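Student: I would like to understand the labels we put on this model. Could we go through them together?

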Amino acid sequence: PSIDISALGTVFIFNDGLFSEDLTLIDGFFVSGLCHRTQLSAEVLNGQILAGAGYCFYTFTLTEEDTVTTINIAGEVFDEDGGTLAVTGCSGDLMGCYGEITILPVYEETEEDTVTT
């Protein structure tokens with residue numbers, strides 16, 4: 001059977017390297033986390049169609065020689081626009097940091113994206 005990735009409650013798991021704007025893998029960076037779909041793509045609010053969305057949280061890990069530093073972020077991400085997520089905590093040399101990170105979509109769905117089991 002096929003899995004509907006647009007269904008409410010769908011969980012997306014991330015566990016990969018970190019990529020630059022030109023989609024080049026950045027050495028020493030790693031990202032893991034997950035998103036839960038919280039909004040359907042076709043929901044209507046006050047006459048406007050809303051983009052699909054999910055609540056996401058990630059940990060970005062930077063490794064340099066014997067040092068490991070992490071940055072935790074969380075917030076809402078939209079299918080079409082990405083999102084700006086809050087920095088919720090840091091470790092190592094970045095202990096006490098704060099701010100925000102913008103997540104940009106770089107993926108277009110194709111017919112090959114249908115998952116079958």
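Tutor: Gladly! Strands (E, at least two residues) and helices (H or I, at least four) are DSSP runs, numbered from the N terminus. This is a predicted model, where local features need pLDDT of at least 70, side-chain atom pairs count only at pLDDT 80 or more, and totals for chains, interfaces and linings use all residues. Residues are numbered from 1 along each chain as its sequence is written, and side-chain values use heavy atoms, leaving out hydrogens and water.

Student: Where is Leu23 placed?

Tutor: Leu23 sits in the loop between strand S2 (11–19) and strand S3 (25–39). Its phi is near 65 degrees, a positive value in a residue other than glycine.

Student: Why is Leu23 called exposed?

Tutor: Exposed means over 50% relative accessible area, buried under 20%, and partly exposed in between (1.4 Å probe, protein chains only). Leu23 has 51%, so the label is exposed.

Student: What makes Glu65 exposed?

Tutor: Its relative accessible area is 83%, so Glu65 counts as exposed. Glu65 lies in the loop between strand S6 (53–64) and strand S7 (67–78), with a positive phi of about 50 degrees although it is not a glycine.

Student: Which residues make up the largest nonpolar core?

Tutor: A nonpolar core is a set of buried Ala, Val, Leu, Ile, Met, Phe, Trp, Tyr and Cys residues joined through side-chain atoms within 4.5 Å. The largest has 11 residues, including Val31, Cys35, Phe60, Ile73 and Cys90. S3, S6, S7 and strand S8 (83–90) each give two or more residues to this core.
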